[in-house]
Amino acid sequence: MTDKTITDERILEPAIPGINARQESLECWVQQVFENQSFTLDSLPGDASARRYHRIQLVADNTDEATKTARYIVMDSADEQAAMQQFITVANLMSHAINVPTLIAQDVAKGFLVLQDFGAVEFAHLLVGATPEQVNNYYQTAMQALVALQQIPVETAKSQHQLPDYDAAMLNREMDLFSEWFIPHIGVTLDVTLWENLKSALIDEILLQPQVIVHRDYHSRNLMQDQADNTRLGVIDFQDAVIGAHSYDLVSLLRDAYVEWSETQVTKWIDDFWQLQTKAGLATADSVEQFESQVNIIGVQRHLKVLGIFIRLCERDGKSRYLADIPKVMRDFLFELDWLSTQGNARLQQAVLPFNEWVRENVLPAYQTKFVQQYI
């Protein structure tokens, strides 16, 4: 999970015309894009990034009444032109395999981009009140799209679209969010030796996994029901895509910070995904048992990162709402540590087992004291 892609439900909030120079610049640009057309512009709630999103509703002026027509999303990325260019680059890459928003208009210098609007129904919304059969169908659809993404040649992604590698330095930097933000937040002193041994063992194992295009935030708030075809999922927030381990996005989906399923169900979906990879001819683990181990290895890395990010969002950015999601992340993290402590290979167990014991004896009590009253 990356800072900018943790989104809230997309409830519309009216924008105030002329609220500042940036808003005026945006409205002027939109008027140029949709020349001689009336429109309304509604702001969407902010997420964990500096970018802002708005929904444009075109309005046809009739003699009797105004009729609403097409809708689009506009991205306002004033201080993140490089990220916007990366969004465009990755969208062009992924559009050949999965359903990403069509780019309607762009001005990278100004930081404005108009996109196809998938609508307001997130994958998470579809799961509410759904039957077990419907839930399974939704996840099968999401996993099939992920397999399609993984079929894009890595060479194409690197040479033509400049996707970077999810290398040891990036993996290490992400895990250090845990030591830099989460550990100080709960008031624990880090055991540096255990910490470095854990990171080293995880990174070595992760880099051995088959390499594919990794979305990096493939979860229930970044998948949308396409309003143009409700049998399809639209995929958003993909601009930080990299070339990395083939199990990463599946962890994002199945051990989502915002949606919880039993480990029995998660294990079944892990098996299903491995079968889908195999049928698609993708390089994958030799057995589903090995693949489950790879999933849990990536899970520890990702959840260390997420625990750190959620604290940083609170302390640095004043976004305390993410604290409520930490207990789910912590439960997944503890499960994965336990699993690898008993079922990981010999080198993993040598690194994970003592770290897990340290977590249980030191981190967990401090965490419970800090969070129990409000969040657990």
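The questions and answers below concern a predicted model of a protein chain.

Q: Why does the radius of gyration of the protein chain agree with that of a compact globule?
A: For 376 residues, a compact globule would have a radius of gyration near 21 Å, and the protein chain has 22 Å, so the value agrees with the rule. Along the principal axes, the C-alpha atoms fill a box of roughly 75 × 45 × 45 Å, and the chain carries twelve helices and ten strands.

Q: What share of the residues counts as buried, and what makes a residue count that way?
A: Of the 376 residues, 56% count as buried, the term being kept for a relative accessible area under 20%.

Q: Why is leucine 113 called buried?
A: Its relative accessible area is 0%, and since the word applies under 20%, leucine 113 is buried. This leucine is found in strand β6, which covers residues 112-116.

Q: Which residues are in contact with leucine 113, leaving aside its neighbours within four places in sequence?
A: Among them are Trp29, Ile73, Val74, Met75, Met84 and Phe87, where contact means heavy atoms within 4.5 Å. The list also includes Ile88, Leu103, Ala105 and Gln106.

Q: What makes the pair of aspartate 76 and arginine 22 a salt bridge?
A: Their side chains meet at 2.7 Å, N to O, and because a salt bridge requires a nitrogen of Lys or Arg within 4 Å of a carboxyl oxygen of Asp or Glu, the pair qualifies. Aspartate 76 lies in strand β4 (residues 66-76) and arginine 22 in helix α1 (residues 21-33), so the bridge ties together parts that are 54 residues apart in sequence.

Q: Why do aspartate 76 and arginine 22 fall into separate classes of accessibility?
A: Aspartate 76, at 4% relative accessibility, counts as buried, because that value is under 20%. Arginine 22 has a relative accessible area of 26%, which is between the limits of 20% and 50%, and therefore arginine 22 is partly exposed.

Q: How do you know that aspartate 117 and arginine 71 form a salt bridge?
A: The N to O distance between their side chains is 3.6 Å, which is within the 4 Å limit. The pair links distant parts of the chain, with aspartate 117 in the loop between β6 and α3 (123-127) and arginine 71 in strand β4, 46 residues apart. Aspartate 117 counts as buried at 4% relative accessibility, whereas arginine 71, at 30%, counts as partly exposed.

Q: What separates lysine 328 and aspartate 332 along helix α11?
A: They are four residues apart in helix α11 (residues 326-343), which means that about one helical turn separates them. Salt bridges that share partners also join Arg55, Arg71 and Asp117 into one network.

Q: What makes lysine 328 and aspartate 332 a salt bridge, and why do both count as buried?
A: The closest N and O atoms are 2.4 Å apart, and this is within 4 Å. Lysine 328 has 7% relative accessibility and aspartate 332 has a relative accessible area of 6%; because buried means under 20%, each of these two residues counts as buried.

Q: How many salt bridges does a search of the whole structure find?
A: The search finds 17 salt bridges.

How values were computed. Residues numbered from 1 in each chain as written. Predicted model: local features only at pLDDT ≥ 70, side-chain atom pairs only at ≥ 80, totals over all residues. Heavy atoms only, no water. Helix = DSSP H or I, 4+ residues; strand = E, 2+ residues; numbered from the N terminus. Rg over C-alpha atoms; globule rule 2.2 N^0.38 Å. Buried < 20%, exposed > 50% of the residue type's maximum accessible area, 1.4 Å probe, protein only.
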